[in-house]
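Open the structure in your viewer and keep the selection tool at hand. The tour goes from one selection to the next.

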Amino acid sequence: MISLTRVYDAPDPAAPSFLVERLWPRGIRKADLAGSAWLPEVGPSHELRKWFGHDPARWDEFRRRYFAELDDHHDAWQPLAAAADASDITLLYSSRDAEHNNAVALREYLVARGR
């Protein structure tokens with residue numbers, strides 16, 4: 001199972017957690033996420049993040065473009081796939097919008113590929 005947790009909330013300590021943001025979240029010290037892996041390369045490109053701007057009206061197109069980026073960078077998401085094959089994992093995100101963010105899209109992408 002792949003769970004999602006906002007980085008400002010406490011992740012489940014029993015499941016391996018992965019910060020899936022390209023930029024480090026504001027107000028979070030690295031020590032606050034000790035034990036979590038940061039995978040900046042799995043986050044959407046700077047250009048795609050700026051274009052999306054967390055606008056729900058752009059969600060479907062964001063997902064399409066982000067999936068294309070992930071298709072071109074298998075090495076970025078392979079650690080997540082391997083971890084998800086071995087146990088439950090948690091994807092950490094910083095967005096206030098729990099329904100329209102890259103972690104939601106990334107989980108959809110991984111699940112569609114049998115993870």
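Select Arg-63: leaving aside residues up to four places away in sequence, it touches Ala-105 and Glu-108, where contact means heavy atoms within 4.5 Å. This is a predicted model, in which local features need pLDDT of at least 70 and side-chain atom pairs count only at pLDDT 80 or more, while totals for chains, interfaces and linings use all residues. Residues are numbered from 1 along each chain as its sequence is written, and side-chain values use heavy atoms, with hydrogens and water left out.

Stay on Arg-63. Its relative accessibility is 18%, so Arg-63 counts as buried (buried is under 20% relative accessible area, exposed over 50%, partly exposed in between, with a 1.4 Å probe and protein chains only). Its side chain makes a polar contact with the side chain of Asp-60, at 3.2 Å.

Helices here are DSSP runs of H or I with at least four residues, and strands are E runs of at least two, numbered from the N terminus. Which residues of α2 are buried? They are Trp-59, Phe-62, Arg-63, Tyr-66, Phe-67 and Leu-70. Seen down the axis of α2, the buried residues fall within an arc of 130 degrees, so they line one face of the helix; the arc is that of the directions from the helix axis to the C-beta atoms. Show α1 (46-52), α3 (74-86) and α4 (102-112), which are among what covers these residues.

Now turn to the face of α2 away from the buried side: the exposed residues Arg-64 and Asp-72 are there.

Definitions and conventions
Polar contact = N/O pair within 3.5 Å; in protein donor to acceptor, adjacent residues only side chain to side chain.
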